[in-house]
Amino acid sequence: HSPPIAEGWLAFLTAVRQRSSLPGRYRELAILRVAVLNGAGYEFAVHTPFALAEGIAPASIEALRSEAPPPAAKLDDADLAVIAYTDAMTRAIRVPAQIFANLREHLAERQIVELTATVAAYNCVSRFLEALQIDHD
């Protein structure tokens, strides 16, 4: 219903999903986590196959469904750092120094910027979908 918005949306999300140096595993963990925190079931369902293709185990995907942090046994330290960062950005916007420090142990600066853009973009996507009540039915 708005070609200029659709054009900008496509360019931004193409950069986030296809032109980023962020490993796909971390991108999909962040997207699934944002979907859970924002109650965006459609987004979670759409990205589950992508997460599986990136090597995220079904048990780990299921663990992300809880708003509580997932059990460490299902994910490694880098995964948990990505999830903690995603949680902080989505819930509180400002990321505590300790969460940033932990993330820096696992990701390069460019990857942190790209993770930040991914979390921000998918907060936008999920909120857009939920506000317009777009779902898979």
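Let me begin with accessibility: buried means under 20% relative accessible area, exposed means over 50%, and partly exposed lies in between, with a 1.4 Å probe and protein chains only. This is a predicted model, in which local features need pLDDT of at least 70, side-chain atom pairs count only at pLDDT 80 or more, and totals for chains, interfaces and linings use all residues. Residues are numbered from 1 along each chain as its sequence is written, and side-chain values use heavy atoms, leaving out hydrogens and water.

Rings of Phe, Tyr and Trp (for Trp, the six-membered ring) pair if their centres lie within 6.5 Å; planes under 30 degrees apart count as stacked, over 60 as edge-to-face, and the rest as tilted. By this rule there are two aromatic pairs. In one, the ring centres of Trp9 and Phe128 are 4.8 Å apart and the planes stand at 55°, so the pair is tilted. The pair links distant parts of the chain, with Trp9 in helix H1 (residues 3–18) and Phe128 in helix H7 (residues 109–131), 119 residues apart. Helices here are DSSP runs of H or I, at least four residues long, numbered from the N terminus. Trp9 is partly exposed at 28% relative accessibility, and Phe128 is partly exposed at 38%.

Tyr85 and Phe100 form an edge-to-face pair, 5.4 Å centre to centre with 65° between the planes. Tyr85 lies in helix H5 (residues 77–91) and Phe100 in helix H6 (residues 97–104), so this pair ties together parts 15 residues apart in sequence. Tyr85 is buried at 2%, whereas Phe100 is partly exposed at 24%.

Definitions and conventions
Helices (H or I, at least four residues) and strands (E, at least two) are DSSP runs, numbered from the N terminus.
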